[in-house]
Amino acid sequence: MASISRTPKRLLSLARFSTLCAPFPTFLAAKSAVESEPDPEKLADIFHDQSSNFARFRRHRPLYELSCRRLTRSGRLDLVERLIDHQKALPHPRTEGFWIRLIMLYSASGMVEHALRTFHQMVEDRVKLTEKSICAILTVYLDNNLIDDLHSAFTTMLSEIDFSPGTKSYNLVLKAFCRQKDMESARKLLHKMENPDIGSYNVLLEAYLKNGNGVRFDEILKEIKSKGLEHDCSTYNHRILRFCKNKESVRAKKLLDEMAVKGVKPNSASYNMIIFGFSKVGDFESAQKVLERMLADGYVAPCSISYIILFQHMVKEGEFDSALNMCKEIIRRKWVPPFEAMEGLVKGLVEMSEVEAAKEVVEKMKKRLKGNAADSWKTHEAALPL
């Protein structure tokens, strides 16, 4: 009889699927086990078993995305394949949405051939295709930076599949042209489209902003106005970023007022870009007012990046008293300040003869550190003049 040591790893892994521990009593227990399991093999085993046991587990998309992402980071694409293929044998309604979900899981793991194979399985399963399926395949190519393949696939699908491209699929092709910096083709396609939406124009605004082409950026804004299209949050964010890049943060801040009048809700990026713009030029008073406005407006939950932007720039500009207060607020909110800025703050406080204040804030921060972060901080702390 062959020894276990000579048994292929794949067979051993498969065998484990039938020797798992007792099923978890509830979906939440199974979910917690998947989220906390660090070992890729065990994670795949638990996922395989529990996706069979709980319909609620099978409907929980974030759990699938998290598991595939962690397995991919571990370099275990074989387990990603096993996890996804197993879903095809479970009692899911085999709808278009079901197949698209599997396609996008493969895509997010960089498994393009598997994603395309799954698309062909959907076709063989005689699922009625809509523009959603076409967009899924175009997104696979776009997300994996296979731009030439995207254009070829789009042309092929136009001739071989009975579908008329709509705004969503055209917008993905627009993104592909912009990714290639082929702005002439992007503009031609935009003008060819029957019903471009604000998202179509946002694609070009973003591209011109990245390319530093302010003239073309303004042309697109004028075209949006002539078409009678209303700005959405992305449109405003592109305009805000442009102003902040040009050190015109006051004008960017006024766009927040315009958004309020127009009923467009800002997102965290809307505020953070302006906070960054003011901080970059050392106007911390204005930056903090934007932060206060973000908290008062209530459109977004407070996030660490808003405070960290201010903290880092305060340290950089030598505003150590203000930086100390911001650091304390970061720690109070149970976040961890960036180590390099923390090191700069401590050195600045020591130069100001505020050694006790420096020691106090370091001790408070250390209480928030765990695991590798705590070990990493020791390297920085050893170089501090405390």
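Visitor: Which helices each supply at least two residues of the lining of the second largest pocket?

Guide: They are α5 (61-73) and α7 (96-108), a helix here being a DSSP run of H or I with at least four residues, numbered from the N terminus. The model is predicted, so local features need pLDDT of at least 70 and side-chain atom pairs count only at pLDDT 80 or more, while totals for chains, interfaces and linings use all residues. Residues are numbered from 1 along each chain as its sequence is written, and side-chain values use heavy atoms, with hydrogens and water left out.

Visitor: What makes a residue part of the lining of a pocket?

Guide: A pocket is an open set of points on a 1 Å grid where a 1.4 Å probe fits, with protein on both sides within 12 Å along at least five of seven lines, and a lining residue has an atom within 4 Å of a point. In the second largest pocket 14 residues line the space, of which Glu65, Arg101, Met104, Leu105 and Ala108 lie nearest its centre, and α5 gives the most, with 7 residues.

Visitor: How many residues line the largest pocket, and which lie nearest its centre?

Guide: There are 16 lining residues, with Lys175, Val203, Glu206, Ala207 and Lys210 nearest the centre. Two or more of the lining residues come from each of α11 (167-179), α13 (198-211) and α15 (233-245), and α13 provides the largest share, 7 residues. The volume is about 410 Å³, against about 250 Å³ for the second largest pocket.

Visitor: Why is a set of residues called a nonpolar core?

Guide: The name is given because its members are buried Ala, Val, Leu, Ile, Met, Phe, Trp, Tyr and Cys residues joined through side-chain atoms within 4.5 Å, buried meaning under 20% relative accessible area with a 1.4 Å probe, protein chains only. The largest such core has 68 residues, and Leu204 is one of those with the most contacts inside it; α13 gives the most to this core, with 8 residues. Beyond its neighbours within four places in sequence, Leu204 touches residues including Leu174, Met183, Leu190 and Ile220, contact meaning heavy atoms within 4.5 Å.

Visitor: How do you know whether the reach of α21 is close to the expected one?

Guide: The expected span is 1.5 Å times one less than the number of residues; α21 (residues 339-351) has 13 residues and reaches 18 Å from its first C-alpha to its last, close to the 18 Å expected. Its buried residues include Phe339, Leu345 and Leu349, and among the helices covering the buried residues of α21 are α19 (304-316) and α22 (355-366). Just after α21, Ser353 takes a positive phi of about 65°.

Definitions and conventions: Points joined across faces, edges and corners; volume = space filled by probe spheres on them. Buried < 20%, exposed > 50% of the residue type's maximum accessible area, 1.4 Å probe, protein only.
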